[in-house]
Amino acid sequence: MADERVFNFSAGPTVLPIEVLQEAQKDFLSYKGTGMNVMEMSHRSKTFVDITAQSEKDLRDLLKIPDDYKVFYMQGGATLQFASVPLNLLGSKGKADYLMTGQWGEKAVKECKKFGAAQLACDTKATKYTTITDPKEWKLDPEAAYVHYCANETVNGVEFHYTPEVGDVPLVADMSSNFLSRPIDFAKHTSELQSLRHLV
């Protein structure tokens, strides 16, 4: 069977070990002998609550998430968060800085403009989103409610290999495409994957 496997290295889905797929297959009709699939369970059942508790523990262990951060499991991915971030973080300041280095950052800017001012502290559209401007050239506003960046722009292959230094302004990261690929410096971020002082 291993010889027939196709390895997908595209952005998004990826190859999984055969053992993982076999375990999922075994549990698909009756998760751990419960007689039902996880998707059929009540989210209030002991089994499902145990699954989410173990999942959070594993995530905290892997990423070394500080105790003062919450873990939320939410639908919609980064696209939903493009609206959630300004709705929750703009506040009375009404403006935020965006490091627009790709199409996902551009979508986040567009969504923010529905609720306030999305200031382009960095805009690499003229390069067809193939570079990240030198941080010395960024036009950061110390009065911005937050600074938003997409850590890995999958469409054109631009990735931040460092955490942007933005002073005292809260930093928000969209890490939906490189999540769990490397350690995260939580101390430098207000939020990861776009949420309020929480990890999504």
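Mentor: In this predicted model, salt bridges link Glu 23, Lys 26, Asp 27 and Lys 32 in a network.

Trainee: What makes the contact between Lys 32 and Glu 23 a salt bridge?

Mentor: Set the distance against the cut-off. The side chains of Lys 32 and Glu 23 meet at 3.3 Å, N to O. The limit is within 4 Å, so the pair counts as a salt bridge.

Trainee: Why is Glu 23 called partly exposed?

Mentor: Glu 23 has 43% relative accessibility. Partly exposed lies between under 20% for buried and over 50% for exposed, so the label follows.

Trainee: How do you know that Asp 141 and Lys 95 form a salt bridge?

Mentor: Their N to O distance is 2.9 Å. The rule asks for within 4 Å, so the pair passes.

Trainee: What makes this pair a link between distant parts of the chain?

Mentor: Asp 141 and Lys 95 are 46 residues apart. Asp 141 sits in the loop between strand 3 and strand 4, and Lys 95 in strand 2.

Trainee: Is Asp 141 buried or exposed, and why?

Mentor: Buried. Its relative accessible area is 16%, and buried means under 20%. Lys 95, at 23%, counts as partly exposed.

Trainee: What makes Glu 106 and Lys 125 a salt bridge?

Mentor: Their side chains meet at 2.8 Å, N to O. That pair also links distant parts of the chain: Glu 106 is in helix 4, and Lys 125 is in the loop between strand 3 and strand 4. Glu 106 is partly exposed at 27%, and Lys 125 is partly exposed at 44%.

Trainee: How many salt bridges does the rule give?

Mentor: The count comes to eleven.

Notes
Residues are numbered from 1 along each chain as its sequence is written. This is a predicted model: local features need pLDDT of at least 70, side-chain atom pairs count only at pLDDT 80 or more; totals for chains, interfaces and linings use all residues. Side-chain values use heavy atoms; hydrogens and water are left out. Buried means under 20% relative accessible area, exposed over 50%, partly exposed in between (1.4 Å probe, protein chains only). Helices (H or I, at least four residues) and strands (E, at least two) are DSSP runs, numbered from the N terminus.
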